[in-house]
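Take a walk through the model below. Start with the overall layout, then turn to the details.

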Amino acid sequence: MGYFAPMNGAGKRLEEAWMRDRTELLESELDSLPAGIALLGMEGEVVFWNRVAESITGFAGAEILGHAIPE
């Protein structure tokens with residue numbers, strides 16, 4: 001683990017942009033997999049639902065995100 005110095009406003013914005021870029025890259029990679037994937041948050045809510053999961057279940061990601069996985 002490295003040492004992270006406290007950030008000013010500009011450093012915080014750069015870190016947030018970097019995390020968004022990494023998140024988008026991860027989502028893109030998960031979307032390209034041939035398996036249906038759902039990632040759950042700490043409370044059991046769906047935080048990611050890939051295209052294959054959409055085609056398997058018939059539920060679009062926009063309908064599912066933030067909710068529990070449908071039965």
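From the N terminus on, the elements run α-β-β-α-α. That comes to three helices and two strands; helices (H or I, at least four residues) and strands (E, at least two) are DSSP runs, numbered from the N terminus. This is a predicted model, in which local features need pLDDT of at least 70, side-chain atom pairs count only at pLDDT 80 or more, and totals for chains, interfaces and linings use all residues. Residues are numbered from 1 along each chain as its sequence is written, and side-chain values use heavy atoms, with hydrogens and water left out.

Consider the whole chain. Of its 71 residues, 17% count as buried. Buried means under 20% relative accessible area, exposed over 50%, and partly exposed in between (1.4 Å probe, protein chains only). The protein exposes about 5,800 Å², by the Shrake-Rupley method with a 1.4 Å probe. Carbon and sulfur atoms supply 60% of that area. Contact means heavy atoms within 4.5 Å. Among contacts with a separation of 6 or more, residues 24 or more positions apart account for 5%.

Now take helix α1, residues 9-31.

Ala38 stands opposite Trp49 in β2. The hairpin has five residues between the strands, and Gly44 there takes a positive phi near 85°.

Stay with Gly44, in the loop between β1 and β2. Gly44 is partly exposed, with a relative accessible area of 29%. Beyond its neighbours within four places in sequence, Gly44 is in contact with His67 and Ala68.

Finish at Asn50, in the loop between β2 and α2. Is Asn50 buried or exposed? Asn50 is buried, at a relative accessible area of 0%. Its side chain reaches the backbone oxygen of Ala35 at 2.9 Å. The Asn50 side chain also reaches the backbone nitrogen of Ile37 at 2.9 Å. Leaving aside neighbours within four places in sequence, the contacts of Asn50 include Leu30, Asp31 and Leu33.

Note on methods
The expected span of a helix is 1.5 Å times one less than its number of residues. Two strands pair if DSSP finds at least two bridges between them. A polar contact is a pair of N or O atoms within 3.5 Å; within protein, one must be able to donate a hydrogen and the other to accept it, and residues adjacent in sequence count only if both atoms are side-chain atoms.
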